[in-house]
Amino acid sequence: MGILLSLLFFISLFLFLFLLFKLVTADGDFTLVSKKHVKREEIEDKVVWITGASRGIGEILAKQLARLGAKLILSARNEAELERVKSQLIGKHAPDEVKILPLDLTSGEDSLKAAVEKAESIFPGSGVDYMIHNAAFERPKTSALDVTEDSVKATFNVNVLGTISLTRFLVPFMLKRGKGHFVVMSSAAGKTPAPGQAIYSASKYALNGYFHTLRSE
């Protein structure tokens, strides 16, 4: 009996350490890790719209999704940088069929609604299958008491209000088709606040709250 209990203890300890190692070394949480590698058939020929696609994570996503055969719509404020990213893409529909859609998330509802309508019709017979909300505004770290109203508005206009507006305008098209996905780039700051990131963290908490609620609805 004692040997059996010892064996169960060591098995449990091994499993705990293994899961802890996976969590520490993973690129995402257990929900993402459990999905393993993306299946090409889930991406190939699908229309994927990426905001903040001119650099960083957005640029890397564009390159990976192009290789998987996605039909890409790239958005950011800097059209020249979007063209640079497009020229580097390789895939079934890249670079020739990649669409550039300049976008400023602070431009107001009329402009954002027009952008959604254009994205929905840019590939004949296909609407947006995946909307990747990657664009974000982050200022240099500032203490919570030193932030200005302009700084708060600049951050929330991009990270929250513009992103929510795009979503509100796009959801009806997806509901009509009966399909569609939103991929939302949050941040560790949206789960664990850190000094100097009060406003950025608040914007990410707001984003998480909105999309968790949307998902539940």
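Start at Gly69, which follows helix H4 and has a positive phi, near 90 degrees. Helices here are DSSP runs of H or I with at least four residues, strands are runs of E with at least two, and both are numbered from the N terminus. The model is predicted, so local features need pLDDT of at least 70 and side-chain atom pairs pLDDT 80 or more, while totals for chains, interfaces and linings use all residues. Residues are numbered from 1 along each chain as its sequence is written, and side-chain values use heavy atoms, leaving out hydrogens and water.

Next, select H4, residues 56-67. H4 has twelve residues and reaches 17 Å from its first C-alpha to its last, close to the expected 16 Å; the expected span is 1.5 Å times one less than the number of residues. Buried residues in H4 are Gly58, Glu59, Leu61, Ala62, Lys63, Leu65 and Ala66. Buried means under 20% relative accessible area, exposed over 50%, and partly exposed in between (1.4 Å probe, protein chains only).

Now pick Leu65. Leaving aside residues up to four places away in sequence, Leu65 touches Ile43, Val48, Ile50, Ala70, Leu72 and Ile132; contact means heavy atoms within 4.5 Å.

A nonpolar core is a set of buried Ala, Val, Leu, Ile, Met, Phe, Trp, Tyr and Cys residues joined through side-chain atoms within 4.5 Å. The largest one has 21 residues, and those with the most contacts inside it include Val48, Ala62, Leu65 and Leu89. H4 gives the most to this core, with four residues. A second, separate core of 20 residues includes Ile73, Leu112, Ala119 and Phe169.

From Phe169, turn to Arg168, which lies over the face of the Phe169 ring, at 5.1 Å from the ring centre. A charge sits over a ring if NZ of Lys or CZ of Arg is within 6 Å of the ring centre and within 35 degrees of the ring normal.

The last stop is the aromatic rings. The structure holds two aromatic pairs. Phe182 and Phe211 form a tilted pair, 6.3 Å centre to centre with 50 degrees between the planes. Rings of Phe, Tyr and Trp (its six-membered ring) pair if their centres lie within 6.5 Å; planes under 30 degrees apart are stacked, over 60 edge-to-face, and the rest tilted. Phe182 is in strand S5 (181-184) and Phe211 in helix H8 (198-216), so the pair ties together parts 29 residues apart in sequence. The Tyr210 and Phe211 rings have centres 5.1 Å apart and planes at 85 degrees, so this pair is edge-to-face.
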